[in-house]
Amino acid sequence: MKLGRLNHVGVATPSIEASVAHWRDVMGATKIHEPFDLPAQGVKVCFVDTPNAQIELIEPLGADSPIHGFLAKNPLGGQHHICFEVPDIHAARDEFIALGKRVLGEPRIGAHGTLIFFVHPKDMGGMLTEIMETPNGNH
């Protein structure tokens, strides 16, 4: 497995609106994208651009959202996952499985419109890790 570019850090939040205000007013973010719903994953997301990656704000979308459990343990929200790019999502998935890592589900379309999967935090030094196929074929 070759470590690809850090694409984003996922941050769970009970309120994207409040988090946007924080990133804009406290952290000085100037490029904040419009929030949008991702019903297939049970979340609303909003990307905040930084000079070298993005912050992905994640808010629960409905009572069945997988983010509810995280927010129950961390009511203020916080870092949820990190995401790295790979040129070939299926080859990366096979490599993680060959290394004995627990891949959580099949590759599926993520918030950037490219294929993603997650690797269990217990197999990744305590960090939920998202692996994402490089957008737009940029390798």
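1. A word on terms before anything else: a residue is called buried here when its relative accessible area is under 20%, exposed when it is over 50%, and partly exposed in between. By that cut-off aspartate 123, at 18% relative accessibility, counts as buried. Please also keep in mind that this is a predicted model.

2. Staying with aspartate 123, its salt-bridge partner is arginine 102, with the closest N and O atoms 2.9 Å apart. The two sit in distant parts of the chain, 21 residues apart: aspartate 123 is in the loop between strand E7 (115–119) and strand E8 (129–133), while arginine 102 is in the loop between H3 and E6. Arginine 102 is partly exposed, because its relative accessibility is 40%.

3. Glutamate 106 has 52% relative accessibility and so counts as exposed, whereas arginine 93, at 17%, is buried.

4. How many salt bridges does a search of the whole structure find? Four. One of them joins the side chains of arginine 24 and aspartate 25, at 2.8 Å from N to O. Aspartate 25 is exposed at 55% relative accessible area, and arginine 24 is partly exposed at 42%. As background, side chains of opposite charge can pair when their charged atoms come close.

5. Now the sheet. It is open, has eight strands with mixed pairing, and reads E2-E3-E4-E1-E5-E8-E7-E6 in order. Strand E2 (36–38) and strand E6 (103–109) are the edges; each has a single partner strand, so one side of each is left without a neighbour in the sheet. From one strand to the next, the twist averages 30°.

6. Within that order, E1 (residues 6–12) and E4 (residues 54–60) run parallel and are joined by five bridges. If you want a spot to check by eye, take valine 9, whose bridge partner in E4 is isoleucine 55. Helix H1 (residues 16–25) lies across E4 and strand E3 (43–49), and runs at about 155° to E4.

7. The residue I'd stop at is glutamate 59, in strand E4. Leaving aside neighbours within four places in sequence, its contacts are Thr13, Pro14, Ser15, Ile16, Gly42, Val43 and Lys44.

8. Leucine 3 sits in the segment before E1. Is leucine 3 buried or exposed? It is exposed, because its relative accessible area is 64%. Leucine 3 and isoleucine 131 are 128 residues apart in sequence, but their C-alpha atoms are 10.0 Å apart in space.

Technical notes
Residues numbered from 1 in each chain as written. Predicted model: local features only at pLDDT ≥ 70, side-chain atom pairs only at ≥ 80, totals over all residues. Heavy atoms only, no water. Pairing = 2+ DSSP bridges. Helix = DSSP H or I, 4+ residues; strand = E, 2+ residues; numbered from the N terminus. Axes fitted to C-alpha atoms, helices over the stretch in contact; angles between N-to-C directions. Contact = heavy atoms within 4.5 Å. Buried < 20%, exposed > 50% of the residue type's maximum accessible area, 1.4 Å probe, protein only.
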